[in-house]
Amino acid sequence: MFVTEPLRIVAVSAGLSRPSSTRMLADRLAGATRDRLDAEQDRPVEIRVIELRDLAVDIAHHLVTGFPSAALEEALGAVTEADGLIAVSPVFTASYSGLFKSFFDLVENTALTGKPVVLAATGGTARHSLVLEHAMRPLFAYLRAVTLPTSVFAASEDWGSSGDEYADGLPARIRRAGGELANAITGGRAVSGASRALGPDDEVVPFEQQLAGLRQA
């Protein structure tokens with residue numbers, strides 16, 4: 001029996017303002033991932049961006065009562081069921097925002113096991129870029145996700161910059177991170193839209209084994 005299921009990309013944005021550079025970065029990373037997936041396989045791709053500012057009150061209520069609202073429960077389900085995740089936070093006090101942390105505190109600590117995740121952050125200066133390594137990567141390691149090699153930090157001066165002789169510009173970093181997420185989702189191979197349910201003679205290759213080549217690259 002053949003079925004066609006979309007590949008689901010979920011981006012979580014913890015930006016507080018509108019318009020938000022954090023949301024803009026989430027959108028561009030999701031777009032880069034979709035572009036690579038569309039070019040390399042024929043399954044449809046669904047993009048969902050979750051704006052945490054819209055769920056801030058629901059998150060606070062859940063933390064103190066233990067009961068999620070319908071909207072928050074749906075958002076948590078979208079994150080845990082996604083084929084690939086993009087997590088973007090503004091930098092507050094040299095770390096991710098409290099809203100970002102509070103949302104992921106509500107994710108079961110095994111729910112993201114093996115899920116490929118692109119980490120990204122925004123800030124006023126490039127001096128905050130290490131937040132990706134000293135704060136965000138350990139958080140998702142605890143959640144047992146597979147954080148991809150390229151993380152993306154966008155300082156204020158990065159928007160509209162094409163880079164210089166020493167570093168890639170923001171667009172190039174976004175494309176590279178999107179490509180890594182697309183490859184992780186498909187296991188580095190083309191995926192047909194006519195996928196079928198596994199039969200008794202099919203070999204199931206562990207996700208970690210599929211990503212072995214990516215980690216060594």
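**Charged pairs and a helix**

Mentor: Glutamate 40 has a relative accessible area of 39%, so this residue is partly exposed; buried means under 20%, exposed over 50% and partly exposed in between, with a 1.4 Å probe and protein chains only. The model is a predicted one, in which local features need pLDDT of at least 70, side-chain atom pairs count only at pLDDT 80 or more, and totals for chains, interfaces and linings use all residues. Residues are numbered from 1 along each chain as its sequence is written, and side-chain values use heavy atoms, leaving out hydrogens and water.

The partner of glutamate 40 is arginine 36, in a salt bridge whose closest N and O atoms are 3.8 Å apart; the term requires a side-chain nitrogen of Lys or Arg within 4 Å of a carboxyl oxygen of Asp or Glu. Both residues belong to helix 1 (residues 21-40), four residues apart, about one turn of the helix. Helices (H or I, at least four residues) and strands (E, at least two) are DSSP runs, numbered from the N terminus. Arginine 36 has 30% relative accessibility, so arginine 36 is partly exposed as well.

Another salt bridge, at 3.6 Å from N to O, joins arginine 173 and aspartate 158. This pair links distant parts of the chain, 15 residues apart: arginine 173 lies in helix 6, and aspartate 158 in the loop between strand 8 (152-155) and helix 6. Arginine 173 is buried because its relative accessible area is 16%, and aspartate 158 counts as buried at 16% relative accessibility. Helix 6 itself is mostly covered, with twelve of its 17 residues buried. The structure holds ten salt bridges.
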